[in-house]
Amino acid sequence: MDRRDFLKLAAVVGIGGTLAFEGIDKLGAETIEAKRANHTLQPKHWGMVIDIGKFQNAEDFQRVADACHQYHNVPVIDNPNHEVKWIWQEDFEHTFAELESRYLSEEIKTMNYPVLCNHCENPPCVRVCPTKATFKRPDGIVAMDYHRCVGCRFCMAACPFGARSFNFYDPRPFIDRVNPEIPTRTKGVVEKCDFCVERLDKGLNPLCVEASHGGIIFGDLDDPDSEVRQVLKENFFIRRKVELGTGPNVFYIFRGGEDIA
Amino acid sequence: MMYNSRKIITGLVIFVLLVTAPFFLNIGKADEPPEISLDTPIINQLDQKQCIESTEFMRTEHMQMLNKWRDQVVREGQTIYISSSGKEYEMSLENNCFECHSNKSQFCDSCHTYADVKPYCWDCHNDAKGAGL
């Protein structure tokens, strides 16, 4: 082999080798990138519709609240000043204060209504949080990062729905049976409903939806074909305190009244 | 000339000896390194006893890793960790780490106690699948 041929061969091997290795590296990087992309949050707009007709007696409320609270390790504290709650029942006056009228039917006025965090469009709790411990996810869920909460309770003062509870005590002694899959909270943090984010990530519905026997419908409000959108299209609905401009994402419909009567 | 020099110097010598006594008394006696137990039912069933990354990496970097995980899971909604070998794992103490390491007191605590670090993870996260509560 003369000098000229040797240089040619060296050039071919060198360029070819570089390309081959770069290609392999890129391939590896691409698959890992692609895998990561699969797991990033898809933009959605979670919303909930509550059919008041399906919440007629204390058992209906209890079943839903128990399912939620037991799963999420919510402590049972009897003192109403210190209680912790994610979903609970409220009377008419406290649920729909602005609809109060003396001509309203006695039935509506004396009923109880299931209430929870409304996962607002413009959440005031998020605006006032000094540590960004509470924040709005791209899918509309107003989430809590308990690691960052300093327990200032500004969010509790800001929330017009009373959806937030403060842990005045270490909650663990007040939890009957700890669900090992979910962390408990600690003394000095604020907690609230999270629309069961970890279940949504696995493609499951929130627990209250499953325990409600059809009384709660959940889905993507951005998808015109979703069940929530169909239900909202077919029924007249109200939301709590819309006049405050927070944009609640929990809708109330009155359906199936005749079944109960 | 110093007054009471004899008393003062004796006192100083005694003081210095007293203060440095722990060092003299412990010379040549290395503290027992922590014993880390991998003896759990799940780990014993594994063919290849390999954590999600190399042992050296996990030993030195697990705190930074968990710190990143908590932000990625809680704030960015990403729940899957892709290890350097390309395998996928759920980023979760409860549903991943503690599945194998179900012996907090012989695994996590042995090192943490030795190093005198008190991570507050356990204030909320359930050790050993809730068994310790």
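N73(A) is a buried residue, because 26 other C-beta atoms lie within 10 Å. Here a residue is called buried if 20 or more other C-beta atoms lie within 10 Å of its own, exposed if 12 or fewer, and partly exposed in between, with C-beta atoms placed from the backbone. This is a predicted model, in which local features need pLDDT of at least 70 and side-chain atom pairs count only at pLDDT 80 or more, while totals for chains, interfaces and linings use all residues. Residues are numbered from 1 along each chain as its sequence is written, and chains are lettered from A and ligands numbered from 1 in the order in which they are written.

Helices (H or I, at least four residues) and strands (E, at least two) are DSSP runs, numbered from the N terminus.

**The cores**

Which residues touch the most other members of the largest nonpolar core? They are I87(A) and L116(A), in a core of 47 residues. A nonpolar core is a set of buried Ala, Val, Leu, Ile, Met, Phe, Trp, Tyr and Cys residues joined through C-beta atoms within 7 Å. Among the elements of chain A that give two or more residues to this core are β1 (46-51), α2 (58-71) and β8 (216-220). A second, separate core has 6 residues, including I52(B) and Y81(B). In soluble globular proteins, nonpolar side chains tend to be buried together.

Beyond its neighbours within four places in sequence, I87(A) is in contact with V64(A), C68(A) and L116(A), among others. Contact means that two C-beta atoms, placed from the backbone, lie within 7 Å.

β8(A) has 4 of its 5 residues buried, so the rest of the structure largely encloses it. β8(A) pairs with β1(A) in the antiparallel sense over 5 bridges; strands pair if DSSP finds at least two bridges between them. Within β8(A), F218(A) stands opposite M48(A).

**Chain B**

Chain B holds 5 helices and 2 strands, in the order α-α-α-β-β-α-α from the N terminus. Its C-alpha trace spans about 80 × 35 × 35 Å along the principal axes. Buried residues are 13% of the 133 in chain B.
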